[in-house]
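Visitor: I am new to reading protein models, and I would like a guided tour. Could you take me through this one step by step?

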Amino acid sequence: MFDMPDYDGHEAVHWFHDAATGYRGLVAIHDTTLGPACGGTRMWAYAGADAALTDALRLSRGMSYKNAMADLPLGGGKAVILGDARTQKSPALMRAHGRAVESLAGRYVTAMDVGMSEADMETISAVTRHVAGFAQKGRTGGDPSPMTAWGVFCGIRAAAKAGLGTDDLKGVRVAVQGVGNVGFDTARHLKAAGAILTVADVNEANLRRAAETLDAAVAATDAIHAAEADIFAPCALGAILNDATIPQIRARVVAGAANNQLAVPAVHGAMLAGRGILYAPDYVINGGGIIRVCGQIYDWSDEAIRARTERIGATLAEIFAAAKAEGRPTHEVADAIARGRIAAARRQKAA
């Protein structure tokens with residue numbers, strides 16, 4: 001593991017197995033300098049353990065950077081469960097995962113990600129206190145996806161200002177890849193602001209809902225990145241920005257909710273910049289969800305959670321300005337800021 005390309009000085013990787021339920025999962029803890037590691041649980045039918053580990057390593061590191069850029073008292077971690085959420089999930093398996101989280105004694109706090117629901121979080125909460133991001137009586141927060149979408153919308157306006165010269169989205173063409181919970185809510189905010197939408201999704205029901213309720217044009221999932229648009233908003237799975245897709249992108253701005261959009265950050269961030277395409281670093285623009293989760297952990301008010309989420313636009317504006325002034329890709333600037341904040345906190349702890 002230590003020689004894997006995506007290993008980045010992670011503090012710990014824990015593997016779990018429960019024979020009675022068939023549960024197989026892992027928790028990757030990247031860094032706890034700023035606070036307990038926090039990041040969602042993803043259930044996915046991975047090709048194998050190596051693919052699951054790679055995903056966990058990348059996602060946990062992204063959570064460290066995401067939490068640092070959102071100025072949250074949280075470190076970075078991620079859990080993955082190997083299995084098809086549509087056919088292999090059960091309450092017993094969820095409880096097995098909850099026991100795995102509980103065994104880490106608060107060093108990792110879990111929440112929702114792909115393949116998981118609020119009902120799953122509630123089941124997990126029966127066996128561990130270290131879970132957030134779902135409706136809990138007497139506590140702020142809840143499903144983080146609406147706040148993720150609101151933060152992405154705020155970020156898209158900031159990206160439009162920097163990349164298109166206006167934050168008025170009326171008449172701006174946006175191609176949205178993925179209109180599940182976050183993607184649909186993002187598209188809904190864009191539509192309300194006057195944007196013209198093109199959408200794609202592998203789920204026909206999601207696609208039909210977006211087409212019918214948002215008056216959106218429909219594109220094929222393997223062509224949405226190349227749609228005639230001003231902004232491309234990836235809101236599905238990662239690695240969409242790669243050798244094949246970047247030369248085909250017609251938009252001047254890429255800003256969306258998906259995690260790990262750059263297949264190889266050092267290569268593809270530079271490739272976007274070389275084409276003059278402004279990229280909103282994913283872990284910055286999609287930080288609204290973890291802000292909501294953090295608000296539940298620390299009992300912040302709904303108003304404070306929303307205000308922190310809306311700062312995403314200002315943070316991106318600072319990144320865009322620094323990237324332009326320094327002649328560097330935006331993801332490099334964001335990475336440097338995040339690493340700097342973590343290093344400063346580490347020095348302060350050591351003092």
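Visitor: Which unit do β6, helix α5 and β7 make?

Guide: Happy to start there, and please keep in mind that this is a predicted model. Strand β6 covers residues 173-177 and runs parallel to β7, with five bridges joining the two. Helix α5 takes up residues 181-192, and together β6, α5 and β7 make a right-handed β-α-β unit.

Visitor: In β7, which residue is the bridge partner of Q177?

Guide: Look along the parallel pair of β6 and β7, which five bridges join. Find Q177, then step across to β7, and the bridge partner you reach is A200.

Visitor: Is strand β7 largely enclosed or open to the outside?

Guide: Burial is the thing to check here, and a residue counts as buried when its relative accessible area is under 20%. Strand β7 spans residues 196-200, and four of these five residues are buried. So the rest of the structure leaves β7 largely enclosed.

Visitor: Which strands stand at the edges of the open sheet?

Guide: Six strands form this sheet, in the order β8-β7-β6-β9-β10-β11, and their pairing is parallel. An edge strand has a single partner strand, so one side of it is left without a neighbour in the sheet.

Visitor: What angle does the direction of α6 make with that of β7?

Guide: Helix α6 packs on the sheet, where it touches β7 and β8. Compare the direction of α6 with that of β7, and the angle is about 165°.

Visitor: In β11, which residue is the bridge partner of V253?

Guide: Strand β10 covers residues 253-254, and two bridges join it to β11. These two strands run parallel. Starting at V253, the partner in β11 is L278.

Visitor: How are α5 and α6 oriented to each other?

Guide: Their axes come within 11 Å and cross at roughly 15°. The contact is made by F184, A187, R188 and K191 of α5 and R209, A210, T213 and L214 of α6. An angle under 35 degrees counts as roughly parallel. The two helices α5 and α6 are therefore roughly parallel.

Visitor: What is the handedness of the crossing where α4 passes α10?

Guide: Helix α4 and helix α10 (residues 302-326) have axes 8 Å apart and pack at an angle of about 30°. That makes α4 roughly parallel to α10. Among the residues that meet there are W150 and C154 in α4, and I305 and L316 in α10. The crossing is right-handed.

Visitor: In β4, which residue is the bridge partner of T41?

Guide: Strand β3 (residues 37-44) runs parallel to β4, and six bridges join them. Both strands make a right-handed β-α-β unit with α1. Cross from T41 to β4 and you meet A79.

Visitor: Which residue of β4 does D31 stand opposite?

Guide: Strand β2 covers residues 23-31 and runs antiparallel to β4, with six bridges joining them. Across from D31, the residue in β4 is G76.

Visitor: Is S60 buried or exposed?

Guide: You can find S60 in helix α1, which covers residues 49-69. Leaving aside neighbours within four places in sequence, S60 is in contact with H10, A28, H30, G76, G77 and K78. Its relative accessibility is 0%, so S60 counts as buried.

Visitor: How far apart in space are G138 and D299, C-alpha to C-alpha?

Guide: G138 lies in the loop between α3 and α4. At 78% relative accessibility, G138 counts as exposed. In sequence G138 and D299 are 161 residues apart, while in space the separation is 9.6 Å.

How values were computed:
Residues are numbered from 1 along each chain as its sequence is written. This is a predicted model: local features need pLDDT of at least 70, side-chain atom pairs count only at pLDDT 80 or more; totals for chains, interfaces and linings use all residues. Side-chain values use heavy atoms; hydrogens and water are left out. Buried means under 20% relative accessible area, exposed over 50%, partly exposed in between (1.4 Å probe, protein chains only). Helices (H or I, at least four residues) and strands (E, at least two) are DSSP runs, numbered from the N terminus. Two strands pair if DSSP finds at least two bridges between them. A crossover is right-handed if, with the strands pointing away from the viewer, the path from the first strand over the helix to the second runs clockwise. Contact means heavy atoms within 4.5 Å. Axes are lines fitted to C-alpha atoms, for helices over the stretch in contact, and angles run from 0 to 180 degrees between N-to-C directions. Angles under 35 degrees count as roughly parallel, over 145 as roughly antiparallel, 65 to 115 as roughly perpendicular and the rest as oblique. A crossing is left-handed if the near helix is turned anticlockwise from the far one by less than a right angle, and right-handed if clockwise.
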